[in-house]
Amino acid sequence: MAGEDKRLLQVEGLKKHFPVERGFLRKVIGHVRAVDDVTFSIGEGETLGVVGESGCGKTTLGLTILRGEDPTEGKILFNLEKQGMTDIAQLRKQEMKDFRRQAQMIFQDPYSSLDPRMTVIDIVSEPLVVNRLAKRKEIQQRVEYLMDVVGLDVRYLKRYPHAFSGGQRQRIGIARALSTNPRFLVCDEPTSALDVSIQAQILNLMQDLQEEFGLTYMFIAHDLSVVQHVSNRVAIMYLGKIAESGPKEAIFGQPQHPYTEALLRSVPIADPKIQSGLESAPGEIGNPMNPPSGCYFHPRCAYAEERCREEGPELRELDSQHFAACHLAEKLDLEGVIV
Ligand SMILES: Nc1ncnc2c1ncn2[C@@H]1O[C@H](COP(=O)(O)OP(=O)(O)O)[C@@H](O)[C@H]1O
Ligand code: SF4
Ligand SMILES: [Mg+2]
């Protein structure tokens with residue numbers, strides 16, 4: 001397993017704030033702080049699991065790292081094959097060809113993410129065509145190879161997405177993401193729209209592909225059970241911020257943030273059919289346009305003190321590579337689970 005010494009991606013102080021406009025003159029009346037000062041890194045060949053409730057900013061984080069959205073602030077350092085560590089946040093669109101090839105995304109919903117008017121061959125080859133990475137005559141061969149890699153029959157090349165099941169569609173999405181021969185994939189809840197019986201097949205395929213092609217994954221999930229199986233390290237997000245991040249064993253075994261403890265409450269979850277405990281933190285996730293004062297988690301935190309309402313905690317390294325944003329991290333003795 002690759003160590004920290006060979007980082008593929010290092011994100012520093014990343015923010016993505018969406019302006020909220022009202023009225024005929026489109027006056028900006030506020031901002032949604034979808035990603036709000038996020039810092040983490042991923043080593044070459046690793047899988048970082050990113051977990052948090054719906055609306056906490058996971059998809060926006062993934063899209064912003066891939067420059068599908070322009071960042072508001074911060075650095076996205078990516079170890080490009082030719083140039084080495086390069087701040088993607090600073091690149092102009094026309095300078096990004098190399099990065100576009102090396103970093104791709106697998107989407108959450110294989111029903112809506114595949115254009116129903118395009119055939120499989122066109123869908124899978126689109127990133128190659130858009131980035132001018134293959135000649136016309138090479139495309140068919142490449143797509144046939146990719147179909148085989150993801151376990152689809154090459155005879156289906158000219159079919160449209162509606163002819164496929166959910167699991168097959170996600171295989172098409174994976175083939176498309178692999179078309180440019182990338183090193184890094186943002187996998188945005190790739191199994192959450194699929195039947196439980198199909199989820200494990202797709203996860204197994206992704207793990208095989210990681211090994212075969214030496215891929216690095218940022219694996220987004222709202223479910224801890226998925227992350228438990230696929231991650232080396234885990235980052236827990238809450239309202240646009242990282243609440244805690246660290247090696248999987250430390251996050252599950254010795255959580256340092258009350259939100260992580262709440263999420264872990266219904267783990268161990270050896271059975272992926274059992275939902276993890278995202279509901280176990282009482283109350284609802286706050287509003288990213290108008291987050292709570294101090295620690296964003298304080299209205300739901302069982303341990304909150306006066307200070308938590310006034311002062312936002314910084315993300316601090318408490319143990320080697322184990323970070324948490326909680327004023328009381330050293331004082332609390334939180335309960336983990338054995339993985
Ligand atoms: N293009 C956008 N414009 C305005 N707000 C957005 C946009 N995309 C996402 N948001 C908001 O940002 C927050 C985070 O959304 P998202 O990244 O989709 O969260 P998640 O993937 O964790 O469910 C939500 O409040 C969402 O409504
Ligand atoms: S800083 Fe306070 S409110 Fe926030 S997680 Fe820690 S104890 Fe809870
Ligand atoms: Mg999402």
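Reader: Which residue is the bridge partner of Gly-49 in S9?

Author: The model is a predicted one. In general, strands of a sheet pair through backbone hydrogen bonds, either parallel or antiparallel. Here the partner of Gly-49 in S9 is Val-234. This bridge belongs to the pairing of strand S3 (residues 47-51) with S9, which is parallel and runs over four bridges.

Reader: In which sense do S9 and strand S10 pair, parallel or antiparallel?

Author: S9 and strand S10 (residues 241-247) are antiparallel and share six bridges. Val-234 has Gly-246 as its bridge partner in S10. The hairpin of S9 and S10 has two residues between the strands, and Leu-239 takes a positive phi near 45° in this hairpin.

Reader: Which strands make up the sheet that holds S3, S9 and S10, and in what order?

Author: This open sheet has eight strands in the order S6-S7-S8-S3-S9-S10-S12-S11, and its pairing is mixed. Its edges are strand S6 (103-106) and strand S11 (316-319), each of which pairs on one side only. From one strand to the next, the twist averages 20°. At the S6 end, four bridges join S6 to strand S7 (residues 184-188), and these two strands run parallel. One of the residues paired there is Gln-104, whose bridge partner in S7 is Leu-185.

Reader: Why is S9 described as largely enclosed by the rest of the structure?

Author: A residue is counted as buried if 20 or more other C-beta atoms lie within 10 Å of its own. Strand S9 (residues 233-238) has six of its six residues buried, so the rest of the structure largely encloses this strand. Both of its faces are covered: Arg-233, Ala-235 and Met-237 are buried on one side, and Val-234, Ile-236 and Tyr-238 on the other.

Reader: Which residues touch the most other members of the largest nonpolar core?

Author: In soluble globular proteins, nonpolar side chains tend to be buried together. The largest nonpolar core of this model has 81 residues, and Phe-219 and Ile-236 touch the most other members. Leaving aside residues up to four places away in sequence, the contacts of Ile-236 include Val-51, Gly-52, Ile-242, Tyr-259 and Leu-263.

Reader: What is the strand order of the open sheet with four strands?

Author: The order is S2-S1-S4-S5, with antiparallel pairing. Strand S2 (27-43) and strand S5 (84-87) are the edges, each pairing on one side only. Neighbouring strands of this sheet are turned by 25° against each other on average, direction ignored. Strand S1 (residues 7-22) pairs with S2 over 13 bridges in the antiparallel sense. In one of these, Pro-19 has His-31 as its bridge partner in S2. Helix H1 (residues 58-65) packs on the sheet, where it touches S1, S2 and strand S4 (73-80), and its direction makes about 70° with that of S2.

Reader: Which element supplies the largest share of the shell around ligand 1?

Author: H1 supplies the largest share, with three residues. S2 and H1 each give at least two residues to this shell. Among the residues that surround ligand 1 are Phe-18, Val-32, Ala-34, Lys-58, Thr-59, Thr-60 and Pro-288.

Reader: Where is Arg-26 found?

Author: Arg-26 is in the loop between S1 and S2. Its phi is near 50°, a positive value in a residue other than glycine. Arg-26 is exposed, because 9 other C-beta atoms lie within 10 Å, and the limit for an exposed residue is 12 or fewer.

Arg-132 has a positive phi of about 50° although it is not a glycine. With 8 C-beta neighbours inside 10 Å, it also counts as exposed.

Reader: What does Asp-87 touch, apart from residues up to four places away in sequence?

Author: Asp-87 touches Lys-75, Ile-76 and Leu-77. This residue lies in strand S5 and is partly exposed, with 13 other C-beta atoms within 10 Å.

Reader: What is the average pLDDT of the protein?

Author: The average is 92, and 94% of the residues score at least 70. Over residues 269-279, however, the pLDDT is below 50; this stretch has 28 contacts in the model beyond near neighbours in sequence.

Note on methods. Residues are numbered from 1 along each chain as its sequence is written. Chains are lettered from A and ligands numbered from 1 in the order in which they are written. This is a predicted model: local features need pLDDT of at least 70, side-chain atom pairs count only at pLDDT 80 or more; totals for chains, interfaces and linings use all residues. Two strands pair if DSSP finds at least two bridges between them. Axes are lines fitted to C-alpha atoms, for helices over the stretch in contact, and angles run from 0 to 180 degrees between N-to-C directions. Two residues are in contact if their C-beta atoms, placed from the backbone, lie within 7 Å. A nonpolar core is a set of buried Ala, Val, Leu, Ile, Met, Phe, Trp, Tyr and Cys residues joined through C-beta atoms within 7 Å. pLDDT is the predictor's confidence in each residue, from 0 to 100. A residue is near a molecule or strand if its C-beta atom, placed from the backbone, lies within 6 Å of it.
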